[in-house]
Amino acid sequence: MSLIEFRLDPASGVPTYLQLVHQVEHALRLGYIKPGDQLPKVRDVVASLAINPNTVSKAYRELETKGLIVGRPGQGTFILATLSQVALPELAGFRRSLRNWLAKVDAGGLDESGIAALVASELRDFYGRRDGSSTRVGSADEDVEGAA
Amino acid sequence: MNVIEASNLSKRYGSTQALRECTLAIPAGHVTALVGPNGAGKSTLLNLVVGLLAPSEGSLSVLGSCRPGSLAALDGIAFVAQDTPLYKNVSAADMLHLTRNLNRHFDWTYAEARLGELGIPLKRKAGKLSGGQQAQLALTLALARHPKLLVLDEPVAMLDPIARHDFMATVLVAAAEDGVSVVLSSHVLAELERSADYIILMSQGKVQVAGEVDDLLAGHRILSGPAADAAAYTELPVVHARQGEVQTHLLVRTSMDDRVPRGWESHPVGLEELVLAYLREPDASALPGPLRSSVIDASEARR
């Protein structure tokens, strides 16, 4: 069995190969997969999703260009780099304090979409004020959407 | 190599013109979807490709430079016609025997293993199998010949969603593992977006749109904005306009986002939306290479 399974959301409007790219990046950020781990074989992704093999190859090429994975002929495709910026125990700590905060705002009366909107806007403000970098804001946005 | 190459190909049945001066080239290594309304000439084109029909005019070659119906073409092409043609009173095992004896190459081990994986009972008569199993049996018989080109006419039209998914998975795995080129006609637009990477759109016996799916999607945009300002796009090629009293959506052939004026939004287009727009505008076309592309102009689109 492979470490991660891909899924497709036809309604998202995101091209299929990009959905695969995002899911690998997401799994890397959350520490589901780490350097040395093997990605599903192209054939297996094709078989489970009934998608065009060229789409899977294109996603893997994109991840290879980004320096995140490497294809070894005859062996498979392996994770090369990581996207998580902190160690797993630390990440677990952050997750705990986030959960406590969520319980508090939930009790305070905010619902899921309200919380997501609050976090998204606060993230934009925070990074916008700190370094004005638009790319950081963009990727932070994606994470919140993925988490919500 | 082109798996199919047609030049000014026409086919008449009596006074009915099924194909009119079709010119197209499908490169090897793709899963090609052939789409279009009923009567567009899809089945006629496929039957010409496999050599079951002869052209009235024009030229057609397959697998590089083979003549359709020639020995090399017959060996290299497998065809599953509409409505899964099987002898309903013959058992699955006997269908294997029959196909092996009628072909010069047949991979018995592959066929038997594949039917085992699918859980298709060999002794059962083909007509007693479920619709999904019948389709898989016909596909297995075709793939066991290890063709270079697999031609499927409306393969999933009669199947339920799971059988459709499993059938397409088998086809796509064959494309991934053996490099089989696939040409399939279909009405199920939504599923083509994930399975096909090359598309041919036919209407009224002609090729209207042809090309790699990614190129076509990247080469079109949906522009939404105030209806009163739609004239701002007269200089861009508008394929199809959907006009409300205050808001309008234009499908435009462009890859540029920098010409979007204030108050307008530019969105990427999905394959289904793109195909539907072209089907509604039989006079618009998007063709690659030496075939000249032409598009109707915006004023005409707003009729």
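This is a predicted model: local features need pLDDT of at least 70, side-chain atom pairs count only at pLDDT 80 or more; totals for chains, interfaces and linings use all residues.
**Stop 1: helix H3 of chain A**

Select residues 53–65 of chain A, which make up helix H3. The ends of H3(A) are a simple check on geometry: at 1.5 Å a residue, 13 residues should span 18 Å, and the end C-alpha atoms are 18 Å apart, which agrees.

Next, colour the buried residues of H3(A): Pro53(A), Thr55(A), Val56(A), Ala59(A), Tyr60(A) and Leu63(A). Looking down the axis of H3(A), these buried residues fall within an arc of 165 degrees, so they line one face of the helix. An α-helix has 3.6 residues a turn, so residues three or four places apart point the same way. On the face of H3(A) turned away from the buried side, pick out Arg61(A) and Thr65(A), which are exposed.

What do the buried residues of H3(A) pack against? Within chain A, show helix H1 (16–29), helix H2 (42–49), strand E1 (69–72) and strand E2 (76–79).

Asn52(A) caps the N-terminal end, with a side-chain oxygen 2.8 Å from the backbone nitrogen of Asn54(A). Just after the helix, select Gly67(A), where phi is positive, at about 80 degrees.

**Stop 2: a salt bridge just past the helix**

Select Lys66(A) and Glu25(A), which form a salt bridge whose closest N and O atoms are 2.6 Å apart. The pair links distant parts of the chain: Glu25(A) is in helix H1 of chain A and Lys66(A) is in the loop between H3 and E1 of chain A, 41 residues apart.

**Stop 3: the contact between the chains**

Display both chains and select the contact residues, 16 from chain B and 14 from chain A. About 1,200 Å² is buried between chain B and chain A, with carbon and sulfur atoms giving 55% of that area. On chain B, highlight Leu172(B), Val173(B) and Arg194(B): they supply 45% of the area that chain B buries against chain A, more than any other three residues.

Turn to the polar side of the contact. Eight residue pairs are in polar contact across the interface, both residues of each at pLDDT 80 or more. H6 and H7 of chain B each supply at least two residues of the side of chain B that touches chain A. The largest share of that side, eight residues, comes from H6(B).

The interface also holds two salt bridges. For one of them, zoom in on Glu177(B) and Arg43(A), with the closest N and O atoms 2.6 Å apart. Glu177(B) lies in helix H6 of chain B and Arg43(A) in helix H2 of chain A, so the pair joins two chains. Glu177(B) is partly exposed at 49% relative accessible area, and Arg43(A) is partly exposed at 34%.

**Stop 4: a salt bridge within chain B**

Select Arg12(B) and Glu57(B), whose side chains meet in a salt bridge (3.2 Å, N to O). Arg12(B) is in strand E1 (residues 2–13) of chain B and Glu57(B) in strand E4 (residues 57–62) of chain B, so the pair ties together parts 45 residues apart in sequence.

Definitions and conventions:
Residues are numbered from 1 along each chain as its sequence is written. Chains are lettered from A and ligands numbered from 1 in the order in which they are written. Side-chain values use heavy atoms; hydrogens and water are left out. Helices (H or I, at least four residues) and strands (E, at least two) are DSSP runs, numbered from the N terminus. The expected span of a helix is 1.5 Å times one less than its number of residues. Buried means under 20% relative accessible area, exposed over 50%, partly exposed in between (1.4 Å probe, protein chains only). The arc is that of the directions from the helix axis to the C-beta atoms. Contact means heavy atoms within 4.5 Å. A polar contact is a pair of N or O atoms within 3.5 Å; within protein, one must be able to donate a hydrogen and the other to accept it, and residues adjacent in sequence count only if both atoms are side-chain atoms. Buried area is the accessible area (1.4 Å probe) that two parts lose on being put together, summed over both. A salt bridge is a side-chain nitrogen of Lys or Arg within 4 Å of a carboxyl oxygen of Asp or Glu.
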